[in-house]
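Good morning, and thank you for making time on the agenda.

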Amino acid sequence: MMRKIPVVLDGDPGHDDAIAWVLANASPMLAIKAVTSVCGNQTIEKTTYNAGRIMTLIGLDVPLAAGRVKPLVADPIIAPTVHGQSGLDGPALPEPKQKPADIDACTLMARVLEESSEPVVLIPTGPLTNVAALLLLYPHLKSKIRHIYMMGGGIAYGNWTCAAEFNILVDPEAADVVFRSGLPITMAGLDVTEKALVFPEDFERIRALGNPVAKVVAEWLDFFYGFHRSLGYPGAPVHDAVAVAALVKPELMTFQEMYVEIETTGDYCRGATVGDPMGLLKKPANVRCIMDIDRKGFVDLLAQAAETYSEGGNERA
Amino acid sequence: MLLDCDTGVDDAIAILLSKHLTNLELVGVTSVAGNVEIEKTTRNALCVLELAGMEHVPVYRGAAKPMMCEPITAYYVHGQNGLGDLSVPEPKRAPASLPAWDAIYETAKRYAGELTIVAIGPLTNLGLALAKYKELPKLISRIVLMGGAAVGGNVTPSAEFNIYADPEAADMVFTCGAEVVMCGLDVTMRAFLTPEELDELGELGAPQAKFARDAAQGVLAFSKGYGLPGMSMHDPVTLLYADDDSYFTAKRAGVRVETKGKLTRGKTVTDLYSDKQMEKNAVVVTGIDREAFKRRLFELMTQYGK
């Protein structure tokens, strides 16, 4: 039997984080070792509560720990226009079965790394606060990180500001620590995630699967699409799920290796992921950027993941 | 039309092309430091105007250095003399006595609302003119500039040369209130001529066409080093857009220049692709029919043989 890849899910759920986690939890390739929350789409109280609710819904019974109340240096930014006041508005969800652990997110991550016999993949789909804290506080565990599959940034453009994508904008200093770490990074930035569109007819396909998780996923998509429809998108860009999809089904993606650095200053560009595809800086590539996706294959992957759930979530051994 | 330039190989080709345009008539050239120093860009403008048989067009000497930052140059692209190291005869005339920023204002006044300014170098002269003459934006028809990029850069990953050379002046231009059209790398790098096409240009017969081909060889070698398919005709395509925009695509957009970022200083930040929107203060040219551009360029150079 194939050895499962140990992973830690780190996010600020968030509709697209939630769908990313539904996808990760459905994959027979992955062994989820822990979940950590970070402040981003909403306050840390709300993203932690949402993380607990999602885990209960999908039957994911692993340790959960909350991150800092704010980014490393910056003040928090939240996104209620996208995700609602709760950070995960839309369908009713079960109350969390478990309380978050007494330790901080980065300490839980460190514990997973220490205990794991093989290197672990981190999947951050929110601001990189927790991952940066882990690298700053536990540098000796770096070798236990196999790869970072992250959603954030954009080589060509931003969303929350003209030059910066939300996750990087919220904590540019943390992103800078991560991008300078030398660890293998696969970046699902706006270049690809805005092509990872799930159309309204795809929502119906997922809804029709009929199981409780599939129904909730469809309703999350309904809500999440509301914001994007008002901006003229033809579907919902399920940003965070691309980071997971790149790990479980890389053949759907077009990758481009390049040098990427984080702008932490500037009137307009703070939080930009500055990529150098032309090699002007003559620096070695430090990031594998995802630039394109097989949209249809991505939707199939999400639908297949939703289909694996039955009444009571997905409690697999 | 007034051409504000840091002549430069592609500036020189733009000057040559300006003689036979359909909708624009060149009434003045202002020089600015950029690709090479101000003495050379001024001399080169005079030389190329002579080559084009446009000795009647006055050349006004402009700024020797950017408004606030240290000057940068691009000898590595344009050669030591700025004209691909082709030897050219000394110009027979001297620049006019009026400084560029005053000439911009006086010319704008003379043509009362009709003047198109095609700015294909760092925007220092325009920045200084705007600093001195607050009514200038109301006196001109529009500014069509070569500079910036909605995506990417060429001096740094975020910044194009002309904007990077004087970001403060560039931001003054974008926010001045006049109609501003940005021909950035998004379009100018698609307006390239391959080595074969440049050779074809050289064979047209006229000395002006031969000059364009010969001057381009250094830039071509430089471009090849970056894996580009040919020489990007940054300045010529900007001039041709100003004359006839029918084979281009463009969009209204908000554009501001980053002047502070450690990595992004000189970036033209646009809201073309982001959810965040800004005040729509410019038009950004995003696409081109390269074949139509090439045809037009050859047509204008062929005029010299007639």
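Helices are DSSP runs of H or I with at least four residues, strands are runs of E with at least two, and both are numbered from the N terminus.

Before I continue, a word on provenance. This is a predicted model, in which local features need pLDDT of at least 70 and side-chain atom pairs count only at pLDDT 80 or more, while totals for chains, interfaces and linings use all residues. Residues are numbered from 1 along each chain as its sequence is written, and chains are lettered from A and ligands numbered from 1 in the order in which they are written.

Which residues of α9(A) are buried? In this helix, residues 200-207, they are A:D202, A:F203 and A:I206. Viewed down the axis of α9(A), these buried residues fall within an arc of 105°, so they line one face of the helix. The arc is that of the directions from the helix axis to the C-beta atoms. Their cover includes β7 (197-198), α10 (212-230) and α12 (295-307) of chain A, where contact means C-beta atoms, placed from the backbone, within 7 Å.

Let us turn to α12(A). Its 13 residues should span 18 Å at 1.5 Å a residue, and the end C-alpha atoms are 18 Å apart, which agrees; the expected span is 1.5 Å times one less than the number of residues. The buried residues of α12(A) include A:F298, A:V299, A:L301 and A:L302. Down the axis of α12(A), the buried residues fall within an arc of 155°, so they line one face of the helix. Among the elements they pack against are α1 (15-26), α9, α11 (239-248) and β12 (287-293) of chain A.

Strand β12 leads us to the sheet. Chain A holds an open sheet of 8 strands, with mixed pairing, in the order β3-β2-β1-β4-β5-β6-β12-β9; two strands pair if DSSP finds at least two bridges between them. At the edges stand β3 (64-66) and β9 (253-258) of chain A, each with a single partner strand, so one side of each is left without a neighbour in the sheet. Direction ignored, neighbouring strands of this sheet are turned by 25° against each other on average.

Within the sheet, β4 (residues 120-124) and β5 (residues 145-151) of chain A run parallel and are joined by 3 bridges. There, A:L122 stands opposite A:I148 in β5(A). Helix α4 (residues 105-115) of chain A packs on the sheet, and its direction makes about 160° with that of β2(A). Axes are lines fitted to C-alpha atoms, for helices over the stretch in contact, and angles run from 0 to 180 degrees between N-to-C directions.

Chain A has 12 helices and 12 strands, and buried residues make up 55% of its 317 residues. Chain B has 13 helices and 12 strands, with 58% of its 306 residues counted as buried.

Definitions and conventions:
Buried ≥ 20, exposed ≤ 12 C-beta atoms within 10 Å, placed from the backbone. Contact = placed C-beta atoms within 7 Å.
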